[in-house]
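Work through the exercises below with the model open. Try each task before reading its solution.

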Amino acid sequence: MTTYWAPLLHSYQPSFQDMKILKRINKECYKPLFSMLQEHENAAFSLNLNTNLIEMLYDFDLSDTIEIIKNLRLDGKIEILGTAKYHPILPLIPEKEAQRQIMLNEETNVNEFTNWERDGFFPPELSINSKITKLISQLGYKWIIISGVACPIDWPYDHIYCSPQGLKLFFRDDILSNKISFNSTTAKEFIFQLKEMFNNDNEKINTDKYVITAMDSETFGHHHRNYERTFLSKALELINDEEDLKIICISELDKHFPIHKNRIVPRDSSWSTTEEDLKNSIPYPLWNHPENNVHRFYWKMLNSLDHLITHISNLGSTQDNIIQEYYATARWFYDQAICSDTTWWANPDRKIWSPNLIYKGIELIMKTALNAQLALAYANKSDLGESYYNSISNDHGLLLMELNTLSQKIRES
């Protein structure tokens, strides 16, 4: 009986990340983490690397980290997944924008990684619904990683379920993943758990099984100093001494485990969603909570912005250079404006609160709106977007007042 451990790392930074902070994260995490993986012959990791981070590493003269990642891939120690470039919550944005984000990410993957093809997909924050699984399947991906809370059936440990479209569904072990993420287990304890976790069930004890963990790459070295050595490197060393444990990329699991005949639909959720959230019909609590006014104003602004973008999309073929420039600028900012970070930082009840980082995201919305409306104005069609532009401006003011109100409440509490 063999237990297969399939680990996944997720590397991402928002487009508005400060250069000094990114360089610190690279020094503390990315470079030492990926360099460490080069030392282990048994390394086998699925890596999600949002391609806006690749561009930022190039822009800030940190390309040596990208070269390490490329070498790891050539050595067969990592596989590169598909994702949405600027890290939006895919179920919450228009499908056309979800597809655009995925295609933008693919463009860079194809250019950076030799013979890269669609295989596995990482939805940002593991946020999922049936429309997104359908889209991912239609685009040609073979499998997707989602949170354990999304699993609607008994836990699959010795077979693989598929969506109605045939997309293979791999569920993250949320408990084990969070133990690692929050530094609540040692490498030795983790390996023991992998070996013993099914031994109390007589039906499972003699059956090959698999376990998937997934977490931010920044866990190792940035969130927890030297954790890539004290935990991850140590775990890889310990596995070498265990005949009944193997480390494997997620894409290889279907070579060892059968596809179940039944098709299932995963529950709408993210890797930050709890069972209580699902009972309350709040599948994406950190990004769209009904009792969070910052979230409410943000999505109102984004809804109006999408109408503006739709109007200027019809101007894309114009030969007027000024209109083209405003259109391209609006499109550039919009792609970045739908990132998950803006609303993630607006959760003071969970001690996640940064008005300045929230406003960095809001600023992208305002830049998009301004350039979109200017494109319409130069095309003599400003009336098409005026109501949406005014609505965005109004909600912008209300959101700023909400940031001030919440900040005062936090200071007084």
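**Exercise 1.** Leaving aside its neighbours within four places in sequence, which residues is T65 in contact with?

*Solution.* This is a predicted model, where local features need pLDDT of at least 70, side-chain atom pairs count only at pLDDT 80 or more, and totals for chains, interfaces and linings use all residues. Residues are numbered from 1 along each chain as its sequence is written, and side-chain values use heavy atoms, without hydrogens and water.

Step 1: locate T65 in helix α3, residues 63-74. Helices are DSSP runs of H or I with at least four residues, numbered from the N terminus.
Step 2: list the contacts (heavy atoms within 4.5 Å). They are N26, Y30, K31, F34 and L57.
Step 3: check for a polar contact, a pair of N or O atoms within 3.5 Å, one able to donate a hydrogen and the other to accept it. The side chains of T65 and N26 form one at 2.7 Å.

**Exercise 2.** Is T65 buried or exposed?

*Solution.* Buried means under 20% relative accessible area, exposed over 50%, with a 1.4 Å probe and protein chains only. T65 has 0% relative accessibility, so T65 is buried.

**Exercise 3.** How many residues does the largest nonpolar core have?

*Solution.* Step 1: apply the definition, buried Ala, Val, Leu, Ile, Met, Phe, Trp, Tyr and Cys residues joined through side-chain atoms within 4.5 Å.
Step 2: read the total, 106 residues. F34 and I365 are among those with the most contacts inside this core.
Step 3: find the top contributor. Helix α10 (residues 293-313) gives the most, with 10 residues.
Step 4: follow I365. Beyond four places in sequence, I365 touches Y298, M301, L302, L305, A337 and I392.

Conventions
Helix = DSSP H or I, 4+ residues; strand = E, 2+ residues; numbered from the N terminus.
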